[in-house]
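Trainee: Could we walk through this one together? I have a few questions about how it is put together.

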There are 4 protein chains.
Amino acid sequence: MEKYYEELIALRRNFRQIAEVGWLEMQTTINIIKYLKMLGLDVKYGREIHSADRMGLPSEEVMSEHGKKVNTDNLNFDVSDILKGYTGCIVEINSSNPGKNFGFRFDIDALPLHETDDPEHIPNKLGFRSKDNSTDHACGHDGHIAMGLGLCHWIVDNIEKLSGNFRIIFQPAEEGVRGGKSMTAAGAADGLDYMIASHIGMNEKIGVVGVGSTGFLATSKFDLSYEGVTAHAGANPQDGRNALLAAASAALSLHTLPQYSTGSSRINVGVLNAGTGRNIVPGESYMQIETRGSDELILNDLSKRVEQVARGTAESFDVKYNLSKVGEAINFETIHPEFIDYMAEKLDEKGFTTHLRPNLGGSEDVSYMLKRVEELGGYSIHYMLGTTLKAPHHNVAFDYDESVLKLGLDTYISTIEILSDK
Amino acid sequence: MEKYYEELIALRRNFRQIAEVGWLEMQTTINIIKYLKMLGLDVKYGREIHSADRMGLPSEEVMSEHGKKVNTDNLNFDVSDILKGYTGCIVEINSSNPGKNFGFRFDIDALPLHETDDPEHIPNKLGFRSKDNSTDHACGHDGHIAMGLGLCHWIVDNIEKLSGNFRIIFQPAEEGVRGGKSMTAAGAADGLDYMIASHIGMNEKIGVVGVGSTGFLATSKFDLSYEGVTAHAGANPQDGRNALLAAASAALSLHTLPQYSTGSSRINVGVLNAGTGRNIVPGESYMQIETRGSDELILNDLSKRVEQVARGTAESFDVKYNLSKVGEAINFETIHPEFIDYMAEKLDEKGFTTHLRPNLGGSEDVSYMLKRVEELGGYSIHYMLGTTLKAPHHNVAFDYDESVLKLGLDTYISTIEILSDK
Amino acid sequence: MEKYYEELIALRRNFRQIAEVGWLEMQTTINIIKYLKMLGLDVKYGREIHSADRMGLPSEEVMSEHGKKVNTDNLNFDVSDILKGYTGCIVEINSSNPGKNFGFRFDIDALPLHETDDPEHIPNKLGFRSKDNSTDHACGHDGHIAMGLGLCHWIVDNIEKLSGNFRIIFQPAEEGVRGGKSMTAAGAADGLDYMIASHIGMNEKIGVVGVGSTGFLATSKFDLSYEGVTAHAGANPQDGRNALLAAASAALSLHTLPQYSTGSSRINVGVLNAGTGRNIVPGESYMQIETRGSDELILNDLSKRVEQVARGTAESFDVKYNLSKVGEAINFETIHPEFIDYMAEKLDEKGFTTHLRPNLGGSEDVSYMLKRVEELGGYSIHYMLGTTLKAPHHNVAFDYDESVLKLGLDTYISTIEILSDK
Amino acid sequence: MEKYYEELIALRRNFRQIAEVGWLEMQTTINIIKYLKMLGLDVKYGREIHSADRMGLPSEEVMSEHGKKVNTDNLNFDVSDILKGYTGCIVEINSSNPGKNFGFRFDIDALPLHETDDPEHIPNKLGFRSKDNSTDHACGHDGHIAMGLGLCHWIVDNIEKLSGNFRIIFQPAEEGVRGGKSMTAAGAADGLDYMIASHIGMNEKIGVVGVGSTGFLATSKFDLSYEGVTAHAGANPQDGRNALLAAASAALSLHTLPQYSTGSSRINVGVLNAGTGRNIVPGESYMQIETRGSDELILNDLSKRVEQVARGTAESFDVKYNLSKVGEAINFETIHPEFIDYMAEKLDEKGFTTHLRPNLGGSEDVSYMLKRVEELGGYSIHYMLGTTLKAPHHNVAFDYDESVLKLGLDTYISTIEILSDK
């Protein structure tokens with residue numbers, strides 16, 4: 001297995017350097033496809049793997065600008081859709097032996113952060129930090145890509161011994177929970193007996209496999225903009241209508257909302273941009289907001305209150321508002337707890353150190369795929385892959401012990417073995 | 001005079017299209033110099049016209065990026081300093097007849113606004129809107145440049161009939177009051193008998209010349225940034241320290257401050273940018289702030305309170321702060337009111353419709369030059385040139401009746417005549 | 001004159017001890033009437049001196065509670081209306097000689113403050129502080145009452161030498177500008193040739209008489225209440241609708257409004273009370289708000305924005321709101337500036353140190369009476385009576401040099417003399 | 001048993017009418033003692049049942065004012081300490097048969113709410129609403145008192161058949177968690193084998209007994225006051241330092257804090273009072289705040305952040321602050337889960353409908369007593385007594401189905417029987 005393990009690390013370090021945010025994983029997608037084609041596989045990508053309704057797409061201008069930086073030299077496949085934001089891909093590897101239909105999902109996008117310049121940061125030390133100072137794989141999806149590709153490699157190498165069919169899904173735009181719904185709507189999770197997914201880190205201890213993650217928070221993502229009236233801040237302040245203060249007031253009001261005794265709830269105004277000049281009453285502002293809840297009642301209640309704050313604050317500051325939903329994910333709670341127990345038991349038998357039902361405490365739009373498979377009669381499981389973190393997820397100093405990649409690949413392979421024998 | 005009037009309009013429309021903000025007036029400066037050289041004049045520019053302390057300079061990166069867009073083809077002069085933000089220029093035109101030393105100052109920068117897309121907006125209709133959607137001559141400095149160049153043209157044509165010397169100053173970075181102090185410190189206003197400046201619009205009625213503007217507000221410009229701690233907003237919100245909420249709270253608190261019974265006061269948070277991603281507790285925020293006061297006591301008191309809010313809010317939200325002053329202008333009240341009365345009387349005699357001592361109600365860093373000339377024994381005057389405005393200053397729909405350019409040139413010429421005869 | 005001067009001080013010290021706030025000046029009114037009756041005068045009071053529309057009345061309960069503390073022993077007049085908040089009184093003293101009709105107005109209410117406990121505070125040292133720790137004559141109306149009564153005493157003593165008629169108006173509820181409109185509507189200022197009023201302090205230097213005060217700010221007073229839903233803050237926070245946070249947010253938003261370049265403007269949220277218990281989501285809140293403007297345009301614009309903030313914030317926090325106007329005063333600018341000049345000149349001749357057109361910088365509902373007299377063809381004047389202040393008006397340590405009482409009485413007597421001779 | 005059941009309802013309705021808030025349960029305590037003495041019991045009360053450190057005591061003035069309204073006619077015991085806020089009492093009923101030492105705790109205080117005036121509200125319909133419009137038994141402690149007294153009555157009637165000793169604790173000031181720590185420190189829970197407590201309502205269904213409540217949130221209670229500078233809001237706003245805006249800003253900032261993924265957290269600013277007059281810049285403000293956490297780490301972190309907000313906001317608004325802790329309760333998680341299981345099983349056998357380990361989701365300072373007994377080697381249990389609620393706890397329309405009183409008494413008696421046999 002050593003060659004796979006080494007490749008995992010090499011792949012991870014390569015993909016970390018080309019970190020791209022959601023729907024802009026153009027280079028990332030191209031490089032994944034190139035690798036899969038190198039393995040001799042047929043890859044589905046572009047329009048056919050997405051529904052019409054991709055949420056939270058960047059502007060045409062941003063996509064086009066980003067597209068210009070993508071290296072498309074010497075490609076023997078059509079990337080025009082990829083450069084329009086139809087990122088991600090799906091590969092199907094079918095054995096000739098009858099068996100179960102397995103689905104695996106790996107997310108591939110990065111975050112809009114400036115990776116730390118700290119020279120002690122391993123990616124800096126070893127020279128594999130993000131080449132783009134505005135993007136950072138601060139959630140570990142670089143490792144996810146590596147494990148997905150490593151799994152493909154192993155399956156291809158062992159396909160004759162294996163039975164059944166294997167679908168590996170490389171999903172874009174997990175941050176902001178935008179890609180999962182789109183791919184699921186386009187059928188990514190249809191026709192599967194098993195759906196398997198995972199996340200590295202998330203407070204799981206190094207070497208431990210969390211089995212059957214719980215606590216997927218349902219979430220909605222909103223963009224809120226205010227439009228006021230600009231004016232000279234010295235000569236005519238009374239003629240202005242201040243969109244910056246509207247946004248500031250709304251941000252504070254929104255953050256007073258998430259106290260629920262019936263479950264977990266979260267709100268975050270993650271981005272606020274307002275105003276164009278120091279001596280101008282700001283006429284425009286823009287915010288990125290998200291709500292989360294451990295169930296739909298909480299999420300819907302919170303989201304309704306977001307709308308009230310958005311509208312009321314517009315009224316208070318005499319400005320116009322525009323609120324739109326740009327992403328969403330459902331929560332997920334398995335309907336087959338006994339399947340989770342079974343898997344944990346079997347993994348224990350195989351020598352894994354397991355942790356039953358770890359708590360995710362966040363949102364993941366793989367929930368759409370996990371739920372879809374269960375709805376169609378299959379079984380779903382989500383693993384947490386333990387590792388040592390240098391800093392929390394989404395922090396600019398985030399990094400992890402690469403041994404988790406080996407742990408992940410081993411877990412996926414063992415899962416195939418266990419379920420093939422079931 | 002008709003040829004000058006027509007040229008004023010042509011010039012104004014040309015400069016409006018290349019609108020550039022403070023310290024980035026690179027193309028603007030180059031085009032001004034080219035015009036002046038065409039008149040056969042010797043121009044001072046670059047390092048020699050500025051002091052070491054240019055406040056509120058854009059980052060090297062921004063300057064360098066902007067510089068790449070500047071057209072420097074076929075130039076027979078060195079623009080390297082201009083591309084480093086040493087913008088603006090000074091021209092001296094000396095007659096061979098003994099006489100007074102006149103100084104004229106014209107500001108040349110634009111505002112960071114997206115000029116309205118309204119098809120009825122004259123610059124859109126006639127095709128001379130800003131080519132850059134992030135900059136807009138929404139304060140009329142395009143007209144100021146045109147009047148300055150038109151004045152040079154007229155002086156050159158009439159130099160044999162004129163006596164004394166004429167210094168015409170094209171000042172950068174008036175918005176944010178950054179260039180005036182720097183040029184004055186470098187001697188721009190030294191050695192003058194008279195200092196003359198003006199602003200178009202400002203509520204003066206069309207055709208009217210306001211004589212001896214009052215109400216120059218002293219002002220300070222601050223940049224305030226907060227540094228918190230990023231964290232995953234779903235999984236670990238408690239690990240974050242929210243720099244966005246700190247900024248929002250500070251913005252509101254700051255805007256509660258400016259109530260003074262002893263004079264005019266203003267505060268504006270003109271820009272607020274915070275956060276990098278929707279699902280990340282925002283770890284950084286940045287604000288552009290300005291304070292104004294009709295006297296130094298008010299300004300200093302307000303500025304002290306800005307500092308308290310900056311520091312206190314950092315403490316409240318457990319984040320670090322950095323507050324720096326990036327611009328300032330003094331207020332100006334002439335010590336020679338009788339000179340203003342004299343000029344108004346003489347302009348009346350020449351057939352102008354005048355308005356004595358109009359109120360500026362804003363800040364203008366020409367105050368440094370006006371005051372400097374008086375301190376050295378000379379006389380200073382500021383005119384308000386009336387015109388019809390389509391929208392207030394600093395509004396994206398700002399535009400003016402171009403007849404004001406003719407009024408301005410006439411006023412400058414008459415001023416030279418009056419003072420040469422005095 | 002010495003006996004009058006001494007009496008002024010004694011009266012002032014007496015009335016300071018029984019400080020009562022607007023519409024509750026029951027003991028104050030009774031004591032004024034008793035003094036006037038002692039002089040043998042006939043006094044009008046109760047319902048006949050007020051219109052039906054007294055703004056900003058305390059609740060029946062508060063009036064009734066306060067009424068219980070009033071000493072009504074041994075009175076030979078009916079106080080039932082006074083105990084219902086029909087406070088203040090008017091006395092007419094007619095000479096038998098034909099002449100002008102003079103009106104004088106003195107306001108009589110105190111402020112809801114706890115007078116300082118500082119032992120160095122003169123009223124503490126000399127034992128004449130307010131006996132009620134919730135009320136304080138921190139605006140000097142105790143002195144106004146004393147001057148009004150002293151003036152009555154002097155007129156009575158000199159009635160045979162005087163000509164014309166004298167109406168002295170003791171007006172309640174000037175704080176919050178509630179009594180002036182009501183008394184004017186009931187005719188208090190009708191039928192007068194001259195209206196004279198004054199205020200002590202207000203930055204006028206000791207010994208100086210400000211003649212023809214300007215800068216009366218128009219003002220509106222609002223009560224704003226929010227009604228949300230209470231809930232257990234630990235067990236069911238999501239069921240609450242927080243009226244305290246609505247009020248807090250509204251207070252901040254309101255204080256961001258008053259920046260006008262066209263004149264003076266003010267806003268103040270003077271009182272905020274919200275919530276009933278620490279562990280209860282607050283279901284109710286209440287605020288006292290005032291707006292001011294140097295002209296009606298500013299005042300009306302500000303007041304409209306108050307309404308927007310009130311309504312918008314209710315929407316934001318999902319609570320109900322109730323906004324009502326409880327007081328108002330117009331601004332006043334004399335239409336007879338030459339009359340002011342005349343009075344100043346005559347007072348100068350009589351040896352007064354005068355200050356022409358001092359700036360009030362606040363609101364005063366005597367504006368209704370001043371304007372009414374001018375509208376009916378008469379003349380109005382307002383004096384500022386200089387004195388040394390220990391602390392600003394409305395501060396708990398407010399106190400003044402009592403020599404101002406003598407200055408005031410002298411000014412009133414001289415005014416009568418000047419105008420009788422005119 | 002019918003006579004006890006009827007008495008429970010009569011008692012509950014009596015105590016509801018004399019609702020008194022924490023440390024002011026003077027009439028309530030006196031009436032409890034009278035009832036207990038009527039049963040022939042010896043009662044401990046006053047100073048001997050409290051430690052020196054009673055947190056969150058009302059001011060001497062408030063206690064003294066309230067004391068004046070207490071009916072102390074015809075009492076044969078000393079109430080002087082009770083009138084100083086040493087409220088509550090303890091009774092010990094010892095059987096002559098050897099056995100276990102049982103402790104029972106009942107809380108007796110009401111909330112500062114105006115009980116709804118809705119005529120459909122049962123206490124209004126049947127005439128037993130709180131006679132004081134500022135207090136309301138909106139948490140059901142009236143029923144707790146009734147059950148405590150009913151239990152005493154039953155024990156006295158059955159003492160010969162019973163074995164062991166019974167201590168019944170009537171605790172004041174549970175709201176605000178102030179009395180539990182004080183009584184526990186004075187030994188109330190020492191020397192007991194079993195500690196039993198309960199709460200009615202709390203989402204438990206009618207007829208159901210929740211056994212072994214979990215989710216006691218640790219909590220801290222803070223008073224925060226700001227002291228600024230008053231000034232005339234029209235004439236000298238710049239001289240004021242606004243304590244109202246400081247409080248408003250702090251309230252909003254505080255409510256943005258409680259997002260923790262490691263457990264439950266809460267914050268509430270329950271009361272905010274600021275300012276004295278509409279036209280005065282507010283110089284003082286006062287807030288009642290509470291924090292809660294499912295564990296001490298969360299509570300301490302939140303409490304530390306409260307301190308930062310308190311201090312930082314003072315700095316921002318240039319005012320002084322004073323923050324003091326006035327109440328606290330620890331969380332409680334039993335160390336004997338098997339005891340809870342045992343009790344639930346036995347109660348099931350006796351025909352009760354039970355609900356294992358219901359979630360309290362709030363704070364309760366009986367946690368001090370429950371923990372103390374376990375620390376000294378005994379066993380503790382907390383019941384939730386199901387009933388139908390008309391409105392949530394702490395809502396002004398709160399009321400419950402009185403059948404819960406019978407359920408409660410039955411549960412207590414059965415608990416004695418089960419544990420006596422153990």
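Trainee: Across which strands does helix 7 of chain D lie, and at what angle to strand 9 of chain D does it run?

Mentor: Helix 7 (residues 243-255) of chain D lies across strand 9 (265-274) of chain C and also across strand 8 (218-227), strand 9 and strand 10 of chain D, running at about 165° to strand 9 of chain D. Helices (H or I, at least four residues) and strands (E, at least two) are DSSP runs numbered from the N terminus, and angles run from 0 to 180 degrees between N-to-C directions, with axes fitted as lines to C-alpha atoms, for helices over the stretch in contact. Bear in mind that this is a predicted model, in which local features need pLDDT of at least 70, side-chain atom pairs count only at pLDDT 80 or more, and totals for chains, interfaces and linings use all residues. Residues are numbered from 1 along each chain as its sequence is written, while chains are lettered from A and ligands numbered from 1 in the order in which they are written.

Trainee: What is the strand order in the open sheet of eight strands?

Mentor: The order is 11(C)-8(C)-10(C)-9(C)-9(D)-10(D)-8(D)-11(D), with antiparallel pairing, where two strands pair if DSSP finds at least two bridges between them. Strand 11 (320-329) of chain C and strand 11 (320-329) of chain D stand at the edges with a single partner strand each, so one side of each is left without a neighbour in the sheet. From one strand to the next, the twist averages 25°.

Trainee: Switching topic, which residues does UniProt list for "binding site"?

Mentor: The unreviewed entry in UniProt lists A:C139, A:H141, A:E175, A:H199 and A:H394, although such annotations may be inferred rather than shown by experiment. They span 256 residues in sequence, yet no two of their C-alpha atoms are more than 13.8 Å apart, so they gather at one spot.

Trainee: Is A:H394 buried or exposed?

Mentor: A:H394 is buried, with 29 other C-beta atoms within 10 Å; buried means 20 or more such atoms, exposed 12 or fewer, and partly exposed in between, with C-beta atoms placed from the backbone. Not counting residues up to four places away in sequence, A:H394 touches residues including A:C139 and B:H232, contact meaning C-beta atoms within 7 Å.

Methods. Two residues are in contact if their C-beta atoms, placed from the backbone, lie within 7 Å.
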